[in-house]
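This report is meant to be read alongside the sequence and the coordinates shown below. It goes through sheets, core and loops in turn.

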Amino acid sequence: MRKRTCVLAAALLASGLSPLALASPAGAAAAKYSDDFNGDGHRDLVLGDRAATVAGKKEAGAIVVVWGSAKGLDPARRTVVTQNSPGVEGAAETKDFFGTKVTTADLNKDGYADVVATAPGEEAGSRHGMFTVLWGSRSGLTSGSSYTAPGGDDGFAKDVAVGDFNADGRLDVVEIGDDYIWYLRGPFTKSGSRGAATNLDPVDGEDISPELVVSGKVTKDGTADFAVIGWDSDTGTDRVWFYRGGPTGPVGPPEKVGLPTTGDLTDASAVIADFDKNGFGDLAVGQARFGKGGAVHVLKGTSTGFGTTAKSLSQATAGVPGTRESSDSFGVDVSAGDTNGDDYPDLAVGIAGEVIGDNLFRSGAVTVLRGGSSGLTGMNARQYDYATAGVAGDPAEDNDSWFGASVLLRDYDHDGRTELVTAATEKGRLHLLPGTPSGPTGTGSWMRTAEDLGLGARAAFWARLAD
């Protein structure tokens, strides 16, 4: 491990990329948007590519930022950051998988949002795995501090979530590994320091194998909560462990809620949002390998956590487009946002193996499920794919492209409606579909390749959009 202290702009000039034009200072207040990295008042897009080759090191991994503007994302302005970038602690090595999971927040509340990126393959002394905070600034992402396991010897940084879980005004990080759940208190600083660490695994890793962690406000007390989704060996089922935030930190023992037991959690995803606007955050878990073709399971939020009965939605649900088929991977990724401006969060669901057309082309798709007073339903659901008018691509030519492998709903153009961003990973493509009063549309959509994004001339890339 080595630390570099020169500025990232110099590296961009050396690589032939244009450095980001400087924005006005953001000030000392926390960033308005959790993904505005240069404090210019516009959301930016982050994509993690764990498979990127860096200086000859295969699968070292990279982060790509597409910068926002008053008119929305500007794909001509982008920055690539790796562990070899000046100012970023660490070094790009084969199979570090930097950028496997990415999330964003103004972790030090300096007015500039930051990126938290995992590198589960990193060899950190005797321990395995690491996450890096790429610090936002007036000049963009110019430095990065790395954090390794505070104890134990299992894999670290399988997934991370951010929130103020103890209501002290400082953002914390929850990290899951193969066996442990680490609660890392803030403040996190550019010098690499942080607060105390606590292992929150219910019984020291004997009964839980975590796969996902997701944060959000579930109860109405205003404090951030989080949920861990994993395998419970005591019951032989997939479960959700709900940790409620509070003045003394997350409350234990956690609430346990069972998920349907016929699917595994490979290629699973999760998000917390108040889909029925009753004041409680709901949990949506995508299980791409559930039953025939995958499903999304929704646990309603309550004053004490999540309800005990999961509502499952799939392509067998009334109103949801398509036919439920094996290998559809419905739920491979999920993201929440208001796509039509009605103030209810909707859910984008990736269906990376979806068959398009009569010739059984598995080019992939995204379905948007609408939120409403009854929560998520199949009513008015819409599907987007290479057969959608205006979307670049052809289902007959783009078989196995995995359109929908990663999805994101964000309002980049400030019109009150989120755009739909999705990656077609096997074709190395990133797509953006504009928002309208009736939801996303292919009209006016754009597509960029991995090469366009500065990741080199290759047919495919492993893309994970930061939610």
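What follows describes the strand pairing, the nonpolar core, and a few loop residues of this model.

The model is predicted, so local features are given only at pLDDT of at least 70 and side-chain atom pairs only at pLDDT 80 or more, whereas totals for chains, interfaces and linings use all residues. Residues are numbered from 1 along each chain as its sequence is written, and side-chain values use heavy atoms, with hydrogens and water left out.

**Sheets**

Strands here are DSSP runs of type E with at least two residues, numbered from the N terminus, and two strands count as paired if DSSP finds at least two bridges between them. Strands of a sheet pair through backbone hydrogen bonds, either parallel or antiparallel.

| Strand pair | Bridges | Bridge partners |
|---|---|---|
| Strand 12 and strand 13 (225–232) | eight bridges | Gly216 and Asp225 |
| Strand 9 (172–176) and strand 10 | four bridges | Val174 and Tyr183 |
| Strand 10 and strand 11 | three bridges | Tyr183 and Thr198 |

Strand 9 and strand 10 form a hairpin with four residues between them. Tyr183 of strand 10 is the bridge partner of Val174, and Tyr183 is also paired with Thr198 in strand 11. In a regular strand the side chains alternate between the two faces of the sheet. Both faces of strand 10 are covered, with Ile181 and Tyr183 on one side and Trp182 and Leu184 on the other, all of them buried; buried means under 20% relative accessible area, exposed over 50%, and partly exposed in between, with a 1.4 Å probe and protein chains only.

**Nonpolar core**

A nonpolar core is a set of buried Ala, Val, Leu, Ile, Met, Phe, Trp, Tyr and Cys residues joined through side-chain atoms within 4.5 Å. The largest one has 21 residues, of which Leu45, Val421 and Leu430 touch the most other members. Strands 1 (45–49), 2 (62–69), 3 (72–81), 25 (419–424), 26 (429–433) and 28 (463–465) are the elements that give two or more residues to this core, and strand 2 supplies the largest share, three residues. Leaving aside neighbours within four places in sequence, the contacts of Leu430 (heavy atoms within 4.5 Å) include Leu45, Leu47, Val421, Trp446, Met447 and Leu465.

**Loop residues**

Asp276 lies in the loop between strand 16 (268–273) and strand 17 (282–287). Asp276 is buried, with a relative accessible area of 9%, and its contacts beyond four places in sequence include Asp282, Lys300 and Tyr344.

Arg417 is found in the loop between strand 24 (403–410) and strand 25. A polar atom of the Arg417 side chain lies 3.5 Å from the backbone oxygen of Thr436. Not counting residues up to four places away in sequence, Arg417 touches Asp338, Asp411 and Thr436, among others.

Most residues other than glycine have a negative phi, and most peptide bonds are trans. Lys109, in the loop between strand 4 (102–105) and strand 5 (114–124), has a positive phi of about 50° although it is not a glycine, and counts as partly exposed at 34% relative accessibility. Trp402, in the loop between strand 23 (382–385) and strand 24, has a positive phi of about 60° although it is not a glycine, and counts as partly exposed at 30% relative accessibility. The peptide bond from Gly186 to Pro187 is cis, with omega near 10°, and Pro187 is found in the loop between strand 10 (181–184) and strand 11 (197–199).

Notes:
A polar contact is a pair of N or O atoms within 3.5 Å; within protein, one must be able to donate a hydrogen and the other to accept it, and residues adjacent in sequence count only if both atoms are side-chain atoms.
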